[in-house]
Amino acid sequence: MNETQQMLEDTVNRLFGDRLGWDQLTAIEEQGFPTALWAETVEQGIPKVLADEAAGGMGVGWSDAYPVLRACGRHAVPLPVVEATIAEWLARQAGATLPAGVPGLLPRAIAASAVSATTLTLSNARTPWGRNADFLVGVAAKGEGAELIIAATSGLAVAAEDNIGRDPRDSLSGDASVITRQALPLAPDCVHWLGALARSAQIAGAGAAALDLALKYGAERSQFGKPLSGFQAIQHYLADLAGVVASVDAIAMAACVGLDQRGMAPSGRNARFEIAAAKCRASEAVEKLTRLSHQVHGAIGFTYEYGLHFLTRRLWAWRAEFGGAGEWGEYLGRVAADVGGDGIWPLITA
Amino acid sequence: MTSVADKLRFEPTALPASLETLRAEVRAFLKEALADVPVVKRSHSWEAYDAEFSAKLGAKGWLGMTLPKQYGGHGRSALERYVVVEESLVAGAPTAFHWVADRQSGPLVVRYGTEEQKKAIVPAITAGKACFAIGMSEPNSGSDLASLRTRAERTATGWKVNGTKIWTSNAHRANYMIALFRTDPDPNKKHAGLSQFLIDLSKTRGITPRTIQNLAGGRNFNEVAFVDAELPPDALLGTEGQGWRQVTEELAFERSGPERYLSCFFLLRKLIDVVKDNASPATLARLGTQVAWAATLRTMSLSIAAKLNAGQDPLLEAAVVKDLGCQFEQALPGLAQELCELEPTLEGHGSEYQQVLGSLIQVAPSFSLRGGTPEILRGIIAKGMGVR
């Protein structure tokens, strides 16, 4: 890691390490949005690492932001930090500035017909932290290109729902007042891709934290007169788990580097290949990450009191969000079919 | 507040542009050199033995690339060698003649050999004219390598060796063998009683290889009997009693390369061609999942190469990639059969794809045996995480 990455990772680990123990995570699930923690996160500039320096951000690239996204997974952060990070980057690409407050990021491309000069019309638009959002950020198709839409949330109907990680995934409907429309040099589906990348990083982080818990528990818990991790079967679960964590981390990092270097225009050799590979690998990995970390823990890991579930319930939720292994596998399978057997290696090494 | 995952970071590596020039040269050379080789032969790649091809590769300057110039090597970087190796594997080049020499014997001799040994060996490896065998396993010592019993005793004229090695690839046609023998029979010195030897097979009597046919009909590996085999005093490689440490380093070379996920890659290429025109979304999804794995392993493997290039010792990372790479490779024949109902066939029957499948389905069990089993690798990984 370079200095920026190390500094960002340390900052985020320090803040969330202090504020998001199991008791605090439990309290947040009972009481809802942790307003004070969000304020602290904003104060430390964490959601703005990808924002332009003129807009109070750090103006770094995705590879430097990666440790932040990963740490959001590691600490099971119940805040829209990665969604805000994506929104800030989109604003920077469009030369726009986001209002203050909690952003509601619209994951799906918005049809051109849903946007007028003054109004964004939503119909059951599933939005992370929609109920807490002070404004909406989305990307709409416009002619051949795309535009960034920033809209107000007042007057929208909110159908509240949590994902199995107990994070808000609300459906918003109604007419939202447009605050800003700004041409965006990206494809209309870009939020889906960026979300897939962010979830891959979060899966890497939560997987690493689940491994850490399994290692700790394996060393502490004794059965048959010795620590669990003295048994070869358990050692092999832990080693297998470590390899899977490392594989997700590696391809998610590579996708961030790819995005910084090649962008994600819809054609040509761009970072879409690595992003699709990252989310496909990450979603597929969730099965092993959750199964093996729970298996090492035995019944204690199945209780609410022991906090492994803060990680594993999110892993199960993130596996499907922004496309699962099937969707991204199909994309990559189509890419492979297009280039053919002789073209696949040149593509991987390009 | 650290995470154990911090020990297992595979930082993405960008290859310098000059290496892409090298890659293009290697690709063009291999395309021409292999144009007439049947596809099923190419799928055998690093089991295929072709001294003439190895000499051609040597003439291009693509063997012994990382060995020092002063001994006849090319003094190039580990990343340059990495590019040549991965391109050779993916193209299905017959690499068995030079593989061991280029990968581990050369670096080992450079690190531990005497001036005379280096001067004798390095130029031959670089020219693609030296085939090496590895004398490690014995009939009663497989994963428990340090239990080996083949004995090298000091004599008035050098060393006398008695015992048996097994699974020794190419011993029946190699020029040299680097072998691990017991030089001190003291039972309290299980590891400390071992030493490595560099053996010129053309000049040594008392060494008899017997070829063992593998289940696919291939004849690469051997049981090798040493009966009063006499070695000169200067056959000792490195320091007497340091063989275990040296062999552990040698195994790191053996475990860290791209062959640990690329030996079945030819099947993936052929499978794509067989299914691409009529693939259902479900088939594409399964195929694409495998492509995602391949891209991930390439990232990890290249990251290890960069660590080696920087002089680090990525023992733990190499064990992880070999373990994952093996899972990837061994899943390929099953995936192929799931996606395409064509039977595997023997050489000379059925389509090219069927022959490649038939060949690789039979050799796939060896992927989790050679160079360390998953049981051993996972033990190394667990130890690396402080578990034992």
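**Note on the contact between chains A and B**

1. In this predicted model, 52 residues of chain A are in contact with 49 residues of chain B. The two chains bury about 4200 Å² between them, and 69% of that area lies on carbon and sulfur atoms.

2. On confidence, the predictor assigns the complex an ipTM of 0.97 and a pTM of 0.96. For chain B the mean pLDDT is 94, with 100% of its residues at 70 or more.

3. Sorted by class, the contact of α7(A) with α10(B) has seven nonpolar residues, three polar ones and no charged residues.

4. Charged pairs do occur elsewhere between the chains. Side chains of opposite charge can pair when their charged atoms come close. Between chain B and chain A the count is three salt bridges. The side chains of B:R269 and A:D342 form a salt bridge, at 2.9 Å from N to O.

5. Helix α10(B) also packs within its own chain. Helix α4 of chain B (residues 78-91) lies against α10(B) at an angle of about 145°, and the two axes are 8 Å apart. On the α4(B) side the contact involves B:A78, B:L79, B:Y82 and B:E86, while α10(B) supplies B:R298, B:S301, B:L302, B:A305, B:A306 and B:N309. By class, the residues of this contact divide into six nonpolar, two polar and two charged.

6. How many salt bridges are there over all chains? The count comes to 47. A salt bridge within chain A joins the side chains of A:E83 and A:R199, at 2.8 Å from N to O. This pair links distant parts of the chain, with A:E83 in helix α5 (residues 81-94) of chain A and A:R199 in helix α6 (residues 190-220) of chain A, 116 residues apart.

7. The α7(A) contact has no charged residues, whereas the α4(B) contact has two.

Key. Residues are numbered from 1 along each chain as its sequence is written. Chains are lettered from A and ligands numbered from 1 in the order in which they are written. This is a predicted model: local features need pLDDT of at least 70, side-chain atom pairs count only at pLDDT 80 or more; totals for chains, interfaces and linings use all residues. Side-chain values use heavy atoms; hydrogens and water are left out. pLDDT is the predictor's confidence in each residue, from 0 to 100. Ala, Val, Leu, Ile, Met, Phe, Trp, Tyr, Cys and Pro count as nonpolar, Asp, Glu, Lys and Arg as charged, and the others, Gly among them, as polar. Contact means heavy atoms within 4.5 Å. Buried area is the accessible area (1.4 Å probe) that two parts lose on being put together, summed over both. A salt bridge is a side-chain nitrogen of Lys or Arg within 4 Å of a carboxyl oxygen of Asp or Glu. Helices (H or I, at least four residues) and strands (E, at least two) are DSSP runs, numbered from the N terminus. Axes are lines fitted to C-alpha atoms, for helices over the stretch in contact, and angles run from 0 to 180 degrees between N-to-C directions.
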